[in-house]
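Dear colleague,

Please find below the structure that I am handing over to you. My notes on what was found in it follow directly after.

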Amino acid sequence: MSVEPVEEAQHSTPLVSTLAAAATYFSVAPGVRLNVRSGPGTGYPIVKVLPEGSRVAIHCQTPGTWVTGPYGTTNIWDNIASGQYISDSYVNTGSDGYIRQRCS
């Protein structure tokens with residue numbers, strides 16, 4: 001029995017680039033400069049401010065303090081990066097509920 005050598009598959013696009021391209025971005029409410037906080041609530045420090053017209057990728061969501069914004073009243077907070085949370089009431093996700101897994 002003979003064994004043929006197997007060539008390793010070559011990926012033309014790195015996995016990281018592929019995953020980044022697959023991310024879904026959501027619009028922040030028009031005309032809003034949005035505070036980004038270090039945790040899921042208004043009592044956490046502001047770590048930065050998103051400019052008007054921002055779009056964000058939501059990695060996970062978690063409950064926090066209740067906030068009323070252009071898209072309703074909710075206690076859902078969106079994690080947009082490590083240690084960065086925004087109230088879902090300012091993000092046009094098309095849903096009043098969770099659209100991502102809960103943050104662990």
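Of the 104 residues in the protein, 35% are buried (buried means under 20% relative accessible area, exposed over 50%, and partly exposed in between, with a 1.4 Å probe and protein chains only). The protein exposes about 6,800 Å², of which carbon and sulfur atoms supply 53%; accessible areas come from the Shrake-Rupley method with a 1.4 Å probe, and for residues only the protein chains shown count as cover.

This is a predicted model, in which local features need pLDDT of at least 70 and side-chain atom pairs count only at pLDDT 80 or more, while totals for chains, interfaces and linings use all residues. Residues are numbered from 1 along each chain as its sequence is written, and side-chain values use heavy atoms, with hydrogens and water left out.

The average pLDDT of the protein is 87, and 79% of the residues score at least 70 (pLDDT is the predictor's confidence in each residue, from 0 to 100). For residues 8–21 the pLDDT is below 50, and this stretch has 1 contact in the model beyond near neighbours in sequence (contact means heavy atoms within 4.5 Å). Where pLDDT is low, the predicted coordinates should not be read in detail.

The secondary structure consists of 1 helix and 8 strands, in the order α-β-β-β-β-β-β-β-β from the N terminus. Helices (H or I, at least four residues) and strands (E, at least two) are DSSP runs, numbered from the N terminus.

The largest nonpolar core has 12 residues, including F26, V32, L50, I80 and V91 (such a core is a set of buried Ala, Val, Leu, Ile, Met, Phe, Trp, Tyr and Cys residues joined through side-chain atoms within 4.5 Å). Strands β1 (25–28) and β2 (34–37) are the elements that give two or more residues to this core. Leaving out residues up to four places away in sequence, V32 touches L50, P51, E52 and Y90. Another core, of 5 residues, lies apart from it; C60, V67, W77 and C103 are among them.

Beyond its neighbours within four places in sequence, T62 is in contact with P40, N75, I76, W77, Y85, Y98 and C103. G64 also has its place in strand β5, residues 60–69, but is partly exposed, at a relative accessible area of 26%.

Yours sincerely
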